[in-house]
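Colleague: I'm new to this one and would like to learn how to read it. Could we take it feature by feature?

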Amino acid sequence: MFSITKDAISISDLSQNLPKNIGGIVTFEGRVRNHNVNRSVEKLEYEAFEDMAISEGNSIIKEATTLFDIEEAFCIHRVGMLDISDVAIWIVVFSEHRKAAFDACEFIIDQVKERVPIWKKEFYIDGKTSWVKCLACSAKGVTHSEHFHHVE
Amino acid sequence: MLNIKIQYFANLREKAGQNFEETKINDGTTLEELYSSLSSKYSFPLQFKLIKAAIGSSYVQNNYKIKDGDVVTFIPPVAGG
């Protein structure tokens, strides 16, 4: 299941009521860092086309359960203004074996970055802002230096 | 004429100065023609080739035939996660 929240993401205790066939749990936390492409970031703001983001996000989760031998996967993405180190996205994948969980988790974050209609505006310490454009972010071999920004 | 609604996000929203607008277009207007017209009006910073289009909540191909009542969203390059 994919969801959007305006609230701070609280990392859940996953050990409660786990099905007994689960042998591997992989989680990913995407946090706001204080730099991007050699610029010092003060904060950032996420904006979403919410209905479509949820629809596309759920499609990605469904694809992950088809492509990889996993039991279940969840993804939460936060929108609004975020401070440095805040959690922007949290993914958790449950499976019987670890490899499928690792692979599915990577697939989900890569596809979210490529397809889900969410945008990120960075606020720099010099007062400027820019909308981040992550073209083909999920393609292998794309480095951060290849991300470009439209500086306002 | 077709009555459509256009939805804006991110830098397109900032340039348009609004979240959405309702407008009329000629039957047969392509997505590229519509975007080009809006781009001229609002000075969008992105070329059409960098944009994806959605109708309702689903991506469509650029050759999609716009229909009366469609809600069109031009999607700038996404940056979630």
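Colleague: Where does A:Ser3 lie?

Modeller: A:Ser3 sits in strand 1 of chain A. Helices (H or I, at least four residues) and strands (E, at least two) are DSSP runs, numbered from the N terminus. This is a predicted model, where local features need pLDDT of at least 70 and side-chain atom pairs count only at pLDDT 80 or more, while totals for chains, interfaces and linings use all residues. Residues are numbered from 1 along each chain as its sequence is written, chains are lettered from A and ligands numbered from 1 in the order in which they are written, and side-chain values use heavy atoms, with hydrogens and water left out.

Colleague: What pattern does chain A follow along the sequence?

Modeller: Chain A reads β-β-β-β-α-β-β-β-α-β-β-β, with two helices and 10 strands. Of its 152 residues, 46% count as buried.

Colleague: How do I read a nonpolar core, and which residues have the most contacts inside the largest one?

Modeller: In soluble globular proteins, nonpolar side chains tend to be buried together. A nonpolar core is a set of buried Ala, Val, Leu, Ile, Met, Phe, Trp, Tyr and Cys residues joined through side-chain atoms within 4.5 Å. Here the largest has 30 residues, and A:Phe2, A:Ile91, A:Val93, A:Ile108, A:Val112 and A:Ile118 have the most contacts inside it. Elements giving two or more residues to this core include strand 1 (2-5), strand 7 (87-95) and helix 2 (98-115) of chain A. Helix 2 of chain A supplies the largest share, eight residues. Apart from this core lies another, of 23 residues, among them B:Leu2, B:Ile4, B:Ile6 and B:Tyr64.

Colleague: And the interface: how many residues of chain A are in contact with chain B?

Modeller: 28 residues of chain A touch 23 residues of chain B. The size of an interface is often given as the accessible area lost when the parts come together. Buried area is the accessible area (1.4 Å probe) that two parts lose on being put together, summed over both. Chain A and chain B bury about 2100 Å² between them, 60% of it on carbon and sulfur atoms. On the chain A side, A:Phe49, A:Met52 and A:Trp119 lose the most area to chain B, together 30% of what that side buries.

Colleague: One last thing, the backbone angles. What is the phi of A:Ser85?

Modeller: Most residues other than glycine have a negative phi, and most peptide bonds are trans. A:Ser85 has a positive phi of about 75°, although it is not a glycine. A:Ser85 lies in the loop between strand 6 (80-83) and strand 7 of chain A and is partly exposed, with a relative accessible area of 42%.

Colleague: Where in chain B is the place of B:Ser43?

Modeller: B:Ser43 is in the loop between helix 2 (31-42) and strand 3 (52-55) of chain B. Its phi is near 60°, a positive value in a residue other than glycine.

Note on methods:
Buried means under 20% relative accessible area, exposed over 50%, partly exposed in between (1.4 Å probe, protein chains only). Contact means heavy atoms within 4.5 Å.
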